[in-house]
Amino acid sequence: MAYLHKEIETMPRDQIEALQSERLVWQVKRMYENVSLFKERMDKAGLTPADIHGIEDLGRLPFSYKQDLRDYYPFGLFAVPMEEIVRTHASSGTTGKRIVVGYTRDDLAIWADCVARMMTGLGLDSKDIGQISYGYGLFTGGLGAHGGAEQIGATVIPMSSGNTALQIQTMVDFGSTFLCCTPSYALYLGEAAAEAGVQDQLKLKTCILGAEPWTEDMRQAIEAKLGAKAYDIYGLSEILGPGVSGECEYQCGMHVWEDHFIPEIIDPDTGEKLPAGAEGELVFTTITKQGFPLIRYRTRDICRLDYETCRCGRTHVRMMKPQGRTDDMLIIRGVNVFPSQIEEVLLKLDGKVTPNYQIIVDRVNNTDTLDINVEMSEALFEDDVKSIEKVERTIVERLRSMLGIGAKVHLVHPKSITRSEGKAKRVIDNRKLH
Ligand code: DLL
């Protein structure tokens, strides 16, 4: 078992909570003094920092939202003078203005440390060669993973995403032992390695994948293609970037680094805190970040927390794979559908279809339609038409029993769906255009 900071990672829960309480009080006070929006919301709620004694008072604090970042674009929520901000990142977002975040030198050190904890836990160290194939730039993926990899002393290859042939060549020539990128890009790289006939020349043993939802079946497909273990890493620009949480060797949920972030699960409709173990919207409070701290930030990610001590000995709470986002949820003919549910059905077909798919929603004569294009495997493609139709029918039936609605399923030629080098765009919702 490898730990970067054993004492912190295995701290008894009462000590974690005491530390969180102390840090929360500190954070609330400094934000009240330095962030006008936070002060306004506290005043409106009739609260002063003196009312907050510890995590037992967390639920009294006001929420913060993505819209706040847009309203105070670009730097209006920073809690330190700009001279102390040494890095910014931004997230494009599909709608509205970009959101901008800022980090002090200490914040960057904490970030690198959070990613490094995960990497160390997976047995990576200075003997490893890390290929970072998340996009570098305003997106937090590239530089975030990079900071952690340097922290553990690995030899870092700052590839960024794209140029897939060169990625494969580098992986072979440099002998990359770990890879950081999105799960959809990892799958694409696996396909490209097979096509180039170099799968057996890869030295990869570990992939650290995140930035988008992915299922257990997708994990298996990636592990088989790349011949390496695939671990889930989670994060969001507003809270840090990659490394808010990450899996350990047991792949049973991502440890949230609770000495820096307090997670809560709430009912997204009422805002009420839900009991331990319930599924709901994930909310984070950053208790050590200085440049751009947030209290009770509504992530819109839907997941569940597990407070049981993990087999690895870490006591920090585990978040289960996010099932999707409240704003990604499709409402099709009144039924709530998460793309991950569709993925689950598609990938339970013994390899007859590949994890490359697209979900297309439209509205015809005032009725929602759901079409799913999914690539069949080479083997099925070479089979007869009857076998292909049978697989299509099976998918339709399984989707109906899981979601309760009908869908049209189209098995398309292998390699006909555009591959993604970053976050995959799985859903095309044409209803927004009508
Ligand atoms: O995606 C940060 C990141 C980079 C995480 C690299 C992991 C690896 P944003 O672009 O701000 O930041 O997007 C954050 O992506 O709220 C989730 O909806 C989703 N997301 C991130 N990681 C995961 C994951 C980065 N492991 C948003 N599983 C988050 C599911 C994820 N969804």
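Strands are DSSP runs of E with at least two residues, helices are DSSP runs of H or I with at least four, and both are numbered from the N terminus. The model is predicted: local features need pLDDT of at least 70, side-chain atom pairs count only at pLDDT 80 or more, and totals for chains, interfaces and linings use all residues. Residues are numbered from 1 along each chain as its sequence is written, and side-chain values use heavy atoms, leaving out hydrogens and water.

**View 1. Val-412 in strand β20.** The strand covers residues 408-412. Contact means heavy atoms within 4.5 Å. Leaving aside neighbours within four places in sequence, Val-412 touches Asn-373, Val-374, Glu-375, Met-376 and Ile-417. Ser-377 is 35 residues from Val-412 in sequence. Their C-alpha atoms are 9.4 Å apart.

**View 2. Helix α5 packs with helix α6.** Helix α5 spans residues 105-121, and helix α6 spans residues 140-151. Their axes (lines fitted to C-alpha atoms over the stretch in contact) lie 7 Å apart, at an angle of about 70°. That makes α5 roughly perpendicular to α6 (65 to 115 degrees, on a scale from 0 to 180 degrees between N-to-C directions). Trp-111 and Met-119 are among the α5 residues that meet α6. The α6 side includes Thr-140 and Gln-151.

View 3. A ligand nitrogen sits 2.7 Å from a side-chain N or O atom of Asp-232. A ligand nitrogen is also 2.7 Å from a polar backbone atom of Ile-233. A ligand oxygen lies 2.8 Å from a side-chain N or O atom of Lys-423.

Conventions: Angles under 35 degrees count as roughly parallel, over 145 as roughly antiparallel, 65 to 115 as roughly perpendicular and the rest as oblique. A polar contact is a pair of N or O atoms within 3.5 Å; within protein, one must be able to donate a hydrogen and the other to accept it, and residues adjacent in sequence count only if both atoms are side-chain atoms.
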